[in-house]
Amino acid sequence: MPELTPTTYAVTREALVAYAEASGDPNPIHQDPEVARSVGLPDVIAHGMFTLALAARYVDEQLGEPGRIAELGAKFTKPVVVPESGTEVEIEGTWRDERTIALRVTCAGESVLGNPVAVLRA
Amino acid sequence: MAVDASLAGRTFPPTPAYDVTERSVSDFAAATGTPYSPGDPAPATFPIVVAFAAMQSLMKDPNVGIQLHNVVHGQQKFVHERPVAVGDRLTATLTVSGLRQIAGTDIITTSSAITDDSGALVCTAEATLVHKAGA
């Protein structure tokens, strides 16, 4: 089992726009600060699925090959707020057993995903 | 208004077939900086593209009673039988696996079976939608 290295990912508004197009989720709270504020959010927030995709990216990168993830899931517990200047998400994985990686996904020191876990193919 | 309590257990019609292309996978990977080269399997969360279409048909069904702007994605899980690959033709069939109504909030759990054109299961996408029913 390879050692897992904590990794920091930049999150930009441009990436959210690209993700909205690629995923087919055009909800404006992920793109337009005025709409986000009108529903009580402090600013634009990342799609929960954007953050979960980053968790999948982390696992792919740490293992050095794609397609190993058999199961991946999490609760979306706290929004990742993305100001004009962007933000960062930190991801750290721990081997729970030889096929299971427990993840910790944080933004500004606070956990944003609940119980994110990846189970690998046998 | 809360959603119709008879929603639990209901299965929605399959989504139109979605053709997985090199372009759709590489754009999805690029948006999150995920390493991807032609021929690689699609990223693990890529099936959300198909599952999301199924969730949209649930949320937009006027008989269900969901107000789209009151819905938050609470939880998501993917269970892959195999990785999605370019050339797959995928369809999602969503079933409402559970419905709980707590203090004006509907907690709707869904399970979308994502199948290929042979009918084989490729991935199960489980989503929890939190619907604040409002006044």
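This is a predicted model: local features need pLDDT of at least 70, side-chain atom pairs count only at pLDDT 80 or more; totals for chains, interfaces and linings use all residues.
Residues are numbered from 1 along each chain as its sequence is written, and chains are lettered from A and ligands numbered from 1 in the order in which they are written.

Chain A contains three helices and six strands, where helices (H or I, at least four residues) and strands (E, at least two) are DSSP runs numbered from the N terminus. Read from the N terminus, the order of these elements is β-α-α-α-β-β-β-β-β. The radius of gyration of chain A, taken over C-alpha atoms, is 15 Å, which agrees with the value near 14 Å that a compact globule of 122 residues would have; the globule rule is 2.2 Å times the number of residues to the power 0.38. Along the principal axes, the C-alpha atoms of chain A occupy a box of roughly 45 × 30 × 20 Å. Of the 122 residues in chain A, 39% are buried, a residue being buried if 20 or more other C-beta atoms, placed from the backbone, lie within 10 Å of its own, exposed if 12 or fewer do, and partly exposed in between. Among the contacts in chain A with a separation of 6 or more, 62% join residues 24 or more positions apart, a contact being a pair of residues whose C-beta atoms, placed from the backbone, lie within 7 Å.

Strand pairing, which requires that DSSP find at least two bridges between two strands, links several parts of chain A. Strand S1 (7-11) runs antiparallel to strand S3 (residues 87-97) and is joined to S3(A) by five bridges, with Ile91(A) as the bridge partner of Thr7(A). S3(A) is in turn joined by seven bridges to strand S4 (residues 100-107), again in the antiparallel sense, and Gly93(A) stands opposite Leu103(A) in this pair. The hairpin between S3(A) and S4(A) passes through two residues.

The two chains meet through 28 residues of chain A and 26 residues of chain B. On chain A, helix H1 (13-23), helix H3 (48-63) and strand S2 (69-76) each supply at least two residues of the side that touches chain B, and H3(A) gives the most, with ten residues. This side of chain A has 17 nonpolar, five polar and six charged residues, where Ala, Val, Leu, Ile, Met, Phe, Trp, Tyr, Cys and Pro count as nonpolar, Asp, Glu, Lys and Arg as charged, and the others, Gly among them, as polar. S2(A) also pairs with strand S2 (residues 71-80) of chain B, antiparallel and over five bridges, and in this pairing Leu72(A) has Phe78(B) as its bridge partner.

The buried residues of H1(A) include Leu16(A) and Tyr19(A), and the buried residues of this helix pack against S1 and H3 of chain A together with helix H1 (22-31) and helix H2 (48-60) of chain B. In H2(B), the buried residues include Ala51(B) and Met55(B). The largest nonpolar core holds 67 residues, of which Ala55(A) and Ala51(B) touch the most other members; such a core is a set of buried Ala, Val, Leu, Ile, Met, Phe, Trp, Tyr and Cys residues joined through C-beta atoms within 7 Å. H3(A) provides the largest share of this core, nine residues.
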